[in-house]
Amino acid sequence: MRAENATSVVDGNAAAGMLWDVFGADVTALTGVCGGCGAAAPVAETVVELDDTAAIVRCRSCTHTLFTVLRGPEGARLVVGTLRELVRR
Ligand SMILES: [Zn+2]
């Protein structure tokens with residue numbers, strides 16, 4: 001793997017920029033509910049595999065992919081995985 005393609009494993013805070021590209025807002029404080037295991041936790045506390053073009057956001061409890069954010073020439077998109085709910089408390 002070349003250095004410029006390196007993927008780093010971080011938390012949801014580090015994906016805030018890419019999430020902003022999709023939502024136009026900071027959603028890291030929202031609570032995501034996992035459809036795999038039912039865990040509810042702030043987006044900021046998820047496990048994120050991050051590189052320049054994608055952020056794979058995983059449930060910290062069961063490691064299922066909650067959603068993936070892709071950033072390319074045509075813009076940003078969010079592909080929903082096992083995310084069941086996004087809740088503002
Ligand atoms: Zn889960």
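Two strands pair if DSSP finds at least two bridges between them. I wrote that down before opening the structure, together with the rule that helices (H or I, at least four residues) and strands (E, at least two) are DSSP runs, numbered from the N terminus.

**Entry 1: ground rules.** I am looking at a predicted model, where local features need pLDDT of at least 70, side-chain atom pairs count only at pLDDT 80 or more, and totals for chains, interfaces and linings use all residues. My numbering runs from 1 along each chain as its sequence is written.

**Entry 2: the overall picture.** I found one helix and eight strands in the chain, in the sequence pattern β-α-β-β-β-β-β-β-β. I then looked up the radius of gyration, taken over C-alpha atoms, with the globule rule of 2.2 Å times the number of residues to the power 0.38. For 89 residues a compact globule would come near 12 Å, and the chain agrees because its own value is 12 Å. The C-alpha trace spans about 35 × 25 × 20 Å along its principal axes.

**Entry 3: the five-stranded sheet.** I followed an open sheet in the order β1-β4-β5-β6-β7, with antiparallel pairing. β1 and β7 (75-80) stand at its edges with a single partner strand each, so one side of each lacks a neighbour in the sheet. Strand β6 (residues 65-72) pairs with β7 over six antiparallel bridges. Which residue of β7 is the bridge partner of phenylalanine 67? I found valine 80 there. Helix α1 (residues 16-23) packs on this sheet and touches β5 (54-58), β6 and β7, with its direction at about 80 degrees to that of β6. For that angle, axes are lines fitted to C-alpha atoms, for helices over the stretch in contact, and angles run from 0 to 180 degrees between N-to-C directions.

**Entry 4: the three-stranded sheet.** My other open sheet has the order β3-β2-β8, again with antiparallel pairing. Its edges are β3 (40-42) and β8 (83-87), each with a single partner strand, so one side of each is left without a neighbour in the sheet. The twist from one strand to the next averages 25 degrees. Strand β2 (residues 31-34) joins β3 over three bridges, and threonine 31 stands opposite proline 42.

**Entry 5: threonine 7.** I placed this residue in the segment before β1 (8-11). Beyond its neighbours within four places in sequence, threonine 7 is in contact (C-beta atoms, placed from the backbone, within 7 Å) with Glu49, Leu50 and Asp51.

Key. Two residues are in contact if their C-beta atoms, placed from the backbone, lie within 7 Å.
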